[in-house]
Amino acid sequence: MKLDIALLAGDGIGPEVIDQAVKVCDAIATKYKHEISWKPALTGAAAIDAVGEPYPDETHEVCASADAVLFGAIGHPRFDNDPSAKVRPEQGLLKMRQKLGLFANVRPTFTFPSLIDKSPLKRERIEGTDLIILRELTGGVYFGERGRKDDGNTAFDTMTYTRAEIQRLAKKGFEMAMNRSKRLCCVDKANVLESSRLWRETVQAMEKDYPEVEVSYEFVDAVAMRLVQWPKGYDVIITENLFGDILTDEASVISGSMGLMPSASVGEKTKLYEPIHGSYPQAAGKDIANPLATVLSAAMLFEDFGLQQEADDIRRVVNKSLAEGIVTEDLSEDAKAYKTSEVGDWLAKNV
Ligand SMILES: NC(=O)c1ccc[n+]([C@@H]2O[C@H](COP(=O)([O-])OP(=O)(O)OC[C@H]3O[C@@H](n4cnc5c(N)ncnc54)[C@H](O)[C@@H]3O)[C@@H](O)[C@H]2O)c1
C-alpha cells in the first residue's frame, strides 16, 4: 500500500518521539512492502517562531491532502507562563481539529501485562481493562463563547452543544460498541447542566437504532471515581470535550504512564494519530521521553487502513520491549533506563 503521511512533530519532546515512530513505521513498510511518503510540516510554537501562527495554511494543505496525519505534541512554557500571549500553540491544535473536521478523539485504555504491578492501582482492579473513551473534540466549553466583563473581574466560558454534534459523536460510539462488547456509557452532568440534558435526550433517542447495545448513563463525577475503582465495568464511554479531556488523563494511570497511551482523532476527512501526552518541556532535547505512545498511535493508523497484521506487529514489539526492560526512565525504576532513540532503534530492529 502507498501511504502519504503528514508528519507534525511540534514542540518539546514531539520531534524526539515522532522520530522513533517513523523508524518503526519504516521498518514495518520494509517488512510488508508498503511505501510510506512522509510529509513534514510545521505546527505549534515551532510554527509560531517560523511563520507567526501555530497552524499555518501550508500545514493545513499538507494535512488535508495526506492519507493520515501523525502528530507529536505542541506547547511551550514561554506561552504557558504568559496569559496575555495573543497567539498560542494550543490555538493551532484547536484550529487543526476544526479545519480537518476531527470531531472525535478515540482513546483506548488497556494494561500491559509486564507493567501491571507498576501501576499505583491494584492488579485485581485493572488486569484485563479494555475500554475506549470517545471524547467529543470540536464543541463544548473549549469552543463556546468566552470573555471578561465587569472591568475584567468576571470571566466566563460557555458550554454549547447542538443535537447534530452530539448525534455524530454518539453514532461513532454506538458503532464502536457494536464491534466490541455492545456496552455504551454516556457520561454527562445531566443533573445540573442543560447541555448534558441535551446529550442524554439525544443518545436516548438513538437507542432504538441499536437495540443490541446496552446503554447506561452516568454522571461525570461518579465516573471519575469508578474509572479507577473498577475500570473493567466500562467498554465504550462517550462524553463531551472537557469531561473527556479530564477522564482520559485519569485513565492513563491504569496503563502506567502518560508516555504509553495512543489516540486517534477522527471525523469526516483525514484521520490524525497522536500520543495523549503533551510536549513535556522538561524532557525536551534530553532523549529521555517515552516514545511508546506515539509508536502505538502509529499502530492505530495501520489498523485503520486495514493493515491489522502490521498493527499487531507493532504492539507485539512494544510488549516485548516492556517485558525485556528496554524502557525509558519513566518505566525503568531500578533497572537501566534506555534513551528515547535507543528504544526506537530496538523496536525498529525487532520489527
Ligand atoms: N496534544 C498536545 O499537544 C498537548 C496535550 C496536553 C498538553 N499539551 C501542552 O504540553 C505542555 C506541557 O503540558 P503538561 O506538563 O500539562 O503535560 P505533559 O503531558 O506534557 O506532561 C505531564 C507529565 O506527564 C509525563 N509525561 C508526558 N509525556 C511523557 C512521555 N512521553 N514520557 C514520559 N513521561 C511523560 C511527565 O511526567 C510530565 O511531567 C503544555 O504547553 C501543554 O499545553 C499539549
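## A tour from the ligand outwards

Start at the ligand and select Ser279: one of its backbone N or O atoms lies 3.0 Å from an oxygen atom of the ligand. Of the 800 Å² of accessible area that the ligand has on its own, the protein covers 71%. Keep in mind as you click around that this is a predicted model.

**Stop 1**

An N or O atom in the side chain of Glu90 sits 2.6 Å from an oxygen atom of the ligand. Next, pick His277, where an N or O atom of the side chain is 3.3 Å from a nitrogen atom of the ligand.

**Stop 2: the whole shell**

How many residues surround the ligand? There are 20, and the closest are Ile74, Asp80, Glu90, Gly278 and Tyr280. If you colour the shell by class, you will find nine nonpolar, seven polar and four charged residues. Switch to a cartoon view to see two of the elements involved: strand S3 (68-73) and helix H5 (89-99) each contribute at least two residues to the shell.

**Stop 3: the annotated domain**

Zoom out and select residues 4-347. UniProt, in an unreviewed entry, gives this span the feature "domain: Isopropylmalate dehydrogenase-like". The span is 44% helix and 19% strand, and its end C-alpha atoms lie 22 Å apart.

**Stop 4: the annotated binding site**

The unreviewed UniProt entry also places a "binding site" feature at Asp221, Asp245 and Asp249. Select Asp221 and you land in helix H9 (residues 220-229). Asp221 counts as partly exposed because its relative accessibility is 45%.

Move on to Asp249, which belongs to helix H10 (residues 241-255). With 33% relative accessibility, Asp249 is likewise classed as partly exposed. Show its surroundings and, leaving aside neighbours within four places in sequence, you will see contacts with Arg107, Met258 and Ile276.

**Stop 5: a buried strand residue**

Select Leu8 in strand S1 (residues 2-10). Is Leu8 buried or exposed? Its relative accessibility is 0%, so Leu8 counts as buried. Display the residues around Leu8, again setting aside those within four places in sequence: its contacts are Ile18, Ala41, Thr43, Thr59, Cys63, Val69, Leu70, Phe71, Gly72 and Met96. For a sense of scale, draw a distance from Leu8 to Gly140: the two are 132 residues apart in sequence, and their C-alpha atoms are 25 Å apart in space.

**Stop 6: a buried helix residue**

Go to Ser297, found in helix H11 (residues 292-304). Ser297 has 0% relative accessibility and therefore counts as buried. Beyond its neighbours within four places in sequence, Ser297 is in contact with Pro262, Ser263, Tyr273, Glu274 and Pro275.

**Stop 7: an exposed arginine**

Finish at Arg148, which lies in strand S6 (residues 146-149). Why does Arg148 count as exposed? The reason is its 62% relative accessibility, since the cut-off for exposed is over 50%. Follow the side chain of Arg148 and you will find that it reaches the backbone oxygen of Gly152 at 3.1 Å. Not counting residues up to four places away in sequence, Arg148 also touches Thr154, Ala155 and Phe156.

How values were computed
Residues are numbered from 1 along each chain as its sequence is written. This is a predicted model: local features need pLDDT of at least 70, side-chain atom pairs count only at pLDDT 80 or more; totals for chains, interfaces and linings use all residues. Side-chain values use heavy atoms; hydrogens and water are left out. UniProt positions are given in the numbering used here, feature names are shortened, and annotations may be inferred rather than shown by experiment. Helices (H or I, at least four residues) and strands (E, at least two) are DSSP runs, numbered from the N terminus. Buried means under 20% relative accessible area, exposed over 50%, partly exposed in between (1.4 Å probe, protein chains only). Contact means heavy atoms within 4.5 Å. A residue is near a molecule or strand if one of its heavy atoms lies within 4 Å of it. A polar contact is a pair of N or O atoms within 3.5 Å; within protein, one must be able to donate a hydrogen and the other to accept it, and residues adjacent in sequence count only if both atoms are side-chain atoms. Accessible areas come from the Shrake-Rupley method with a 1.4 Å probe; for residues, only the protein chains shown count as cover. Ala, Val, Leu, Ile, Met, Phe, Trp, Tyr, Cys and Pro count as nonpolar, Asp, Glu, Lys and Arg as charged, and the others, Gly among them, as polar.
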